[in-house]
Structure formats: structure tokens, C-alpha cells
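Please look through the sequence and the structure shown below, and then read on for a report on how parts of the chain are arranged.

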Amino acid sequence: MKAMLSQPMNGKSEQEIIDTRNRAIKVLEEAGYEVVNTLFTDEWYSSEAMKDRGVVQIPLCFLAKSLENMSLCHTVYFCKGWEQTRGCKIEHDAAVAYGLNIIYEA
């Protein structure tokens, strides 16, 4: 079974993002899930590459890729604070609408 993370990142330091991500991955792996990567750090998602491709709404581009990755999953793990983040709320709506299992960070 596969799972992905829905994690607020805006206003978080790189270390906060990594720490939250590592805790969530540990929980999911201990529950037997294979975690699908939703931290898009390859060159294709660099600011310059997106600009070259004509991407105007960068957050929307990341959300689109995240929703694509959600299609590979059975479960979505929502990290604390997801309710205050546009992208996470959209991911939540999609997970509910399509019947994915939902886990909330304790």
C-alpha cells in the first residue's frame, strides 16, 4: 500500500519541513506503507526551469504534481496545520472525494 504526505510548507524553515517529513514517513513506514515522494526538488521544479516552461502559478504547478502522485496512493497523511494551507485543503478535498484513507498527524 502506498501513501503520500500533505504537508504545509509556506513559512516553514527547510529544517522544519525535513523534521516534519521524517516523523511522518516513520509513522507511515511503521504502518507498512510505501511513501510516494511529494517533495519535488529535482531540476524540473526549480524556479528557473518553471520560468523557462512558462509556469505562472508555481504553487499550482506543485499542487498539480501532488494530485498526480495522489493517484498512485491508497492513503494520505495530513501533517498538522493542513487546515490553514490552500494546497493541503485541496488535497484533503480530493482525498475525501475519491475515497482515499486519511490519517491525521497526532
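By class, the lining of the largest pocket holds 12 nonpolar, nine polar and three charged residues, where Ala, Val, Leu, Ile, Met, Phe, Trp, Tyr, Cys and Pro count as nonpolar, Asp, Glu, Lys and Arg as charged, and the others, Gly among them, as polar. This is a predicted model, in which local features need pLDDT of at least 70 and side-chain atom pairs count only at pLDDT 80 or more, while totals for chains, interfaces and linings use all residues. Residues are numbered from 1 along each chain as its sequence is written, and side-chain values use heavy atoms, with hydrogens and water left out.

The largest pocket has a volume of about 630 Å³. Of the 24 residues that line the largest pocket, Pro-59, Phe-62, Leu-63, Thr-85 and Gly-87 are the closest to its centre. A pocket here is an open set of points, on a 1 Å grid over the protein atoms alone, where a 1.4 Å probe fits, with protein on both sides within 12 Å along at least five of seven lines, and lining residues have an atom within 4 Å of a point. Grid points are joined across faces, edges and corners, and the volume is the space filled by probe spheres set on the points. Strand S1 (2-6), helix H3 (58-70) and helix H4 (86-97) each supply at least two residues of the lining of the largest pocket, and H3 gives the most, with six residues. Helices (H or I, at least four residues) and strands (E, at least two) are DSSP runs, numbered from the N terminus.

At 1.5 Å a residue, the 13 residues of H3 should span 18 Å, and its end C-alpha atoms are 19 Å apart, which agrees; the expected span is 1.5 Å times one less than the number of residues. The buried residues of H3 are Cys-61, Leu-63, Ser-66, Asn-69 and Met-70, where buried means under 20% relative accessible area, exposed over 50%, and partly exposed in between (1.4 Å probe, protein chains only). These buried residues of H3 pack against S1, helix H2 (47-53), S3 and H4. Ile-58, which also lies in helix H3, counts as partly exposed at 30% relative accessibility.

The largest nonpolar core has 11 residues, namely Met-4, Val-36, Met-70, Cys-73, Val-76, Phe-78, Trp-82, Cys-88, Ala-94, Ala-95 and Leu-100. Such a core is a set of buried Ala, Val, Leu, Ile, Met, Phe, Trp, Tyr and Cys residues joined through side-chain atoms within 4.5 Å. Strand S3 (75-78) and H4 each supply at least two residues of this core, and its largest share, three residues, comes from H4. Apart from this core lies another, of seven residues, among them Leu-5, Ala-24, Leu-28 and Cys-79. Trp-82, a member of the largest core, is in contact (heavy atoms within 4.5 Å) with Pro-8, Cys-88, Lys-89, His-92 and Tyr-104, leaving aside its neighbours within four places in sequence.

Some single residues complete the picture. Glu-105, found in the segment after strand S4 (101-104), is buried, with a relative accessible area of 16%. Not counting residues up to four places away in sequence, Glu-105 touches Arg-23, Tyr-77, Phe-78, Cys-79 and Lys-80. Thr-20, in helix H1, is buried with a relative accessible area of 17%, and, with its neighbours within four places in sequence left aside, Thr-20 is in contact with Gln-7 and Cys-79. Met-9 has its place in the loop between S1 and helix H1 (14-30) and is partly exposed, with a relative accessible area of 29%. Trp-44 lies in the loop between strand S2 (34-35) and H2, and its contacts, leaving aside neighbours within four places in sequence, are with Ala-49, Met-50 and Arg-53.

The table lists C-alpha separations for four pairs of residues.

| Pair | Apart along the chain | C-alpha to C-alpha |
|---|---|---|
| Glu-105 and Arg-53 | 52 residues | 35 Å |
| Met-9 and Gly-81 | 72 residues | 9.6 Å |
| Trp-44 and Lys-2 | 42 residues | 24 Å |
| Ile-58 and Ser-13 | 45 residues | 19 Å |
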